[in-house]
Amino acid sequence: MFQNNREGLALALPAALFTAILFLLPVGLLLSEAFKIGGQWSLQGYVDFASKPLNQTVFLRTLKLGFLVALTSAIIGYACAFCIVNLDGKNRGRVFGLVVLPLMISPVARTYAWIVILGRTGIVNDAILALGLSDTPIRILFTETAVFLGLLQLFLPLMIISLVSALENLPKDVIPAARVLGASWIQVFTKIILPLTKDGLVMGGTLVFTGSLTAYITPAILGGSKVLMLETLLYQRVNVANDFVSAGIIATILITMSFGANLLLKRIAKARS
Amino acid sequence: MTSKWTSRLIIGLTLTFLIGPFFIIIFAGMSAGDFMTFPPDGLSLKWYMKVFTVESFRESFALSLFLAIFGTIAALILGVPAAYAISRYNIPYAETIKTVVAAPIIVPGIIVGLALLRYLVVPLSFTVTLALFMAHTALVLPYAVRVVSSSLNNLRSDMEEAAVLLGCSRIGAFMRVVLPNIQSGVLAAFILGFVTSFNQVPVSLFLSGPGVRTLPIDMLSYMEITYDPSVAALSALLALLSVAIVFLAEKFLGFSRYV
């Protein structure tokens with residue numbers, strides 16, 4: 001540890017000033033626009049925004065999809081992470097690598113695949129027609145189901161990573177001990193695994209939830225204008241109507257949620273160390 | 001035995017869900033027909049070839065490559081000294097500085113793009129390319145600081161103190177002692193930053209002008225007009241490129257330690 005703090009500050013300040021002036025300042029100005037109506041400071045923008053049925057629908061849909069994606073990835077995540085942790089060293093590394101890999105691939109490429117799968121002439125519809133479950137192709141693209149599947153595929157790895165590291169820290173003998181003492185698998189999960197891995201669950205859940213709330217590409221490609229979410233609504237408001245008040249409000253909602261989630265994560269990280 | 005098979009089944013199904021779609025786009029791009037179908041109507045590589053001849057793909061690929069390389073280098077130039085200061089000095093307001101530098105991760109990209117367009121590009125006549133470059137630098141900066149900090153924290157600080165005591169200048173000690181020891185961390189930060197920047201979409205949604213488009217944005221707009229398999233082919237190529245980069249990085253750097 002060096003004592004010359006002025007030197008240290010000189011090294012750190014360029015990065016901090018760069019981000020503060022060229023990044024945070026413009027974003028702050030954008031957020032402040034939502035409070036200015038006709039040059040006057042007011043909350044009217046928020047009142048108008050909240051009273052529009054479309055905005056309410058989009059807001060609730062975004063929360064609902066975020067929640068459903070987080071819940072589903074928690075269920076699949078526990079099952080999958082539990083299996084991964086029980087693999088031997090070499091296979092565990094390989095499977096874990098395959099789970100992480102999609103995170104490094106372009107989300108456009110990842111989302112585009114779902115068009116091929118869910119489209120009118122896609123695999124799912126071919127199967128439905130071939131099995132005679134329906135006479136005409138079913139519309140799956142541009143529904144909430146499509147957006148849900150896309151988001152789940154995008155963010156499930158984050159949940160699995162969090163749960164694997166939580167389960168790795170679980171003492172090896174607690175589960176056999178509980179089984180020997182007569183606990184059912186459901187009791188083992190609710191009384192032992194869940195309380196001991198809840199930090200990992202909250203961490204994964206927050207990453208998946210905020211990731212889903214702030215996703216743009218998935219709702220844009222798989223939902224289109226039929227299934228708007230907050231980010232696609234923001235894009236539409238600005239591009240179609242030049243409506244910077246709504247844009248500022250949506251931006252404030254999104255930043256508040258991801259900032260809140262970030263605080264929660266920091267608190268967990270601190271409690272752990 | 002049954003539990004072993006259940007476990008394999010669960011892992012198999014999850015991996016199919018996560019990775020299966022990539023195999024589908026690889027094959028969908030090999031279609032010999034003119035429309036996207038799966039299974040493809042006959043096999044050919046014509047769409048993979050076509051990708052390289054589309055003028056706008058070539059231009060946007062060049063822009064994305066430029067932003068990813070130089071944005072990440074700029075982020076490292078700002079981020080390495082900052083990480084060094086945070087880990088080696090007892091600087092005032094360290095927490096505030098860390099929070100400010102980490103902020104770009106929290107702010108959704110679409111908002112960043114809109115804010116830069118509205119307050120820098122329009123009133124101060126910044127070019128779109130410059131605004132994109134700044135946004136990408138700011139976005140990569142948190143990763144650069146985090147990855148370099150963690151490799152600095154794993155390096156004992158008494159070596160550089162010894163070098164200074166033996167008469168080396170501070171900059172000399174950094175260049176000769178610290179940098180050679182953290183070079184794989186810096187390289188890992190570069191790769192992570194490159195991939196993050198290259199795949200970045202929302203920032204560039206508003207920050208694109210005539211002739212200035214990043215590759216993912218170009219793909220999004222191409223997709224809206226046509227439904228031929230070239231976007232599938234391009235997606236498959238990009239996915240394979242990412243896989244190759246990550247595979248090499250893992251092999252030579254043990255990349256996953258840093259992510």
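How many other C-beta atoms lie within 10 Å of B:I11? The count is 19, and B:I11 is therefore partly exposed. In this predicted model, B:I11 belongs to helix 1 of chain B. Setting aside residues up to four places away in sequence, B:I11 touches A:C80, A:C83, A:I84 and A:V95.

The interface extends well past this residue. In total, 67 residues of chain B are in contact with 64 residues of chain A. On the chain B side, at least two residues each come from helix 1 (2-28), helix 3 (55-88), helix 4 (94-106), helix 5 (109-124), helix 6 (128-153), helix 8 (170-199), helix 10 (215-225) and helix 11 (230-253). Helix 1 of chain B gives the largest share of that side, 13 residues. By class, the side of chain B that touches chain A holds 55 nonpolar, 10 polar and two charged residues.

Chain A comprises 13 helices and two strands. Its C-alpha atoms fill a box of roughly 75 × 70 × 30 Å along the principal axes. Of its 273 residues, 42% count as buried. Contacts in chain A between residues at least 6 apart in sequence were also sorted by separation; 72% of them join residues at least 24 apart. The mean pLDDT of chain A is 88, with 98% of residues at 70 or more. Confidence in chain A is lowest in strand 1 (residues 36-37), at a mean of 77. It is highest in helix 3 (residues 53-85) of chain A, at 95.

Chain B has 11 helices and zero strands. The C-alpha atoms of chain B fill a box of roughly 70 × 65 × 30 Å, again along the principal axes. Buried residues account for 48% of the 259 residues in chain B. Among contacts in chain B with a separation of 6 or more, 73% involve residues 24 or more positions apart.

The largest nonpolar core contains 157 residues. Within this core, B:I25, B:I111, B:A131, B:A135 and B:A144 touch the most other members. The largest share of the core, 16 residues, comes from helix 7 of chain A. The contacts of B:I25 fall in both chains. In chain A, B:I25 touches A:A109, A:Y112, A:A113 and A:V116; in chain B, B:I25 touches B:A232, B:S235 and B:A236. These lists leave out residues up to four places away in sequence.

Helix 11 of chain B has 24 residues and reaches 34 Å from its first C-alpha to its last, close to the 34 Å expected at 1.5 Å a residue. Next comes B:G254, with a positive phi near 65°.

Helix 7 of chain A (residues 144-168) has 25 residues. From first C-alpha to last, helix 7 reaches 35 Å, close to the 36 Å expected at 1.5 Å a residue. Helix 7 is mostly covered, with 20 of its 25 residues buried.

A:L254 lies in helix 13 (residues 244-272) of chain A. A:L254 counts as buried because it has 22 C-beta neighbours inside 10 Å. Beyond residues up to four places away in sequence, A:L254 touches A:L213, A:T214 and A:L230, together with B:P108 and B:I111 of chain B. One of these partners, B:I111, is also among the core residues that touch the most other members. A:L254 and A:E231 are 23 residues apart in sequence, with 8.5 Å between their C-alpha atoms.

Positive phi values also occur in loops, at residues other than glycine. A:F142 has a phi of about 60° and is not a glycine. A:F142 lies in the loop between helix 6 (123-130) and helix 7 of chain A. With 17 other C-beta atoms within 10 Å, A:F142 is partly exposed. In chain B, the phi of B:Y93 is near 55°. B:Y93 sits in the loop between helix 3 and helix 4 of chain B. B:Y93 has 13 C-beta neighbours inside 10 Å and so counts as partly exposed.

Note on methods: Residues are numbered from 1 along each chain as its sequence is written. Chains are lettered from A and ligands numbered from 1 in the order in which they are written. This is a predicted model: local features need pLDDT of at least 70, side-chain atom pairs count only at pLDDT 80 or more; totals for chains, interfaces and linings use all residues. Two residues are in contact if their C-beta atoms, placed from the backbone, lie within 7 Å. Helices (H or I, at least four residues) and strands (E, at least two) are DSSP runs, numbered from the N terminus. Ala, Val, Leu, Ile, Met, Phe, Trp, Tyr, Cys and Pro count as nonpolar, Asp, Glu, Lys and Arg as charged, and the others, Gly among them, as polar. The expected span of a helix is 1.5 Å times one less than its number of residues. A residue is buried if 20 or more other C-beta atoms lie within 10 Å of its own, exposed if 12 or fewer, and partly exposed in between; C-beta atoms are placed from the backbone. pLDDT is the predictor's confidence in each residue, from 0 to 100. A nonpolar core is a set of buried Ala, Val, Leu, Ile, Met, Phe, Trp, Tyr and Cys residues joined through C-beta atoms within 7 Å.
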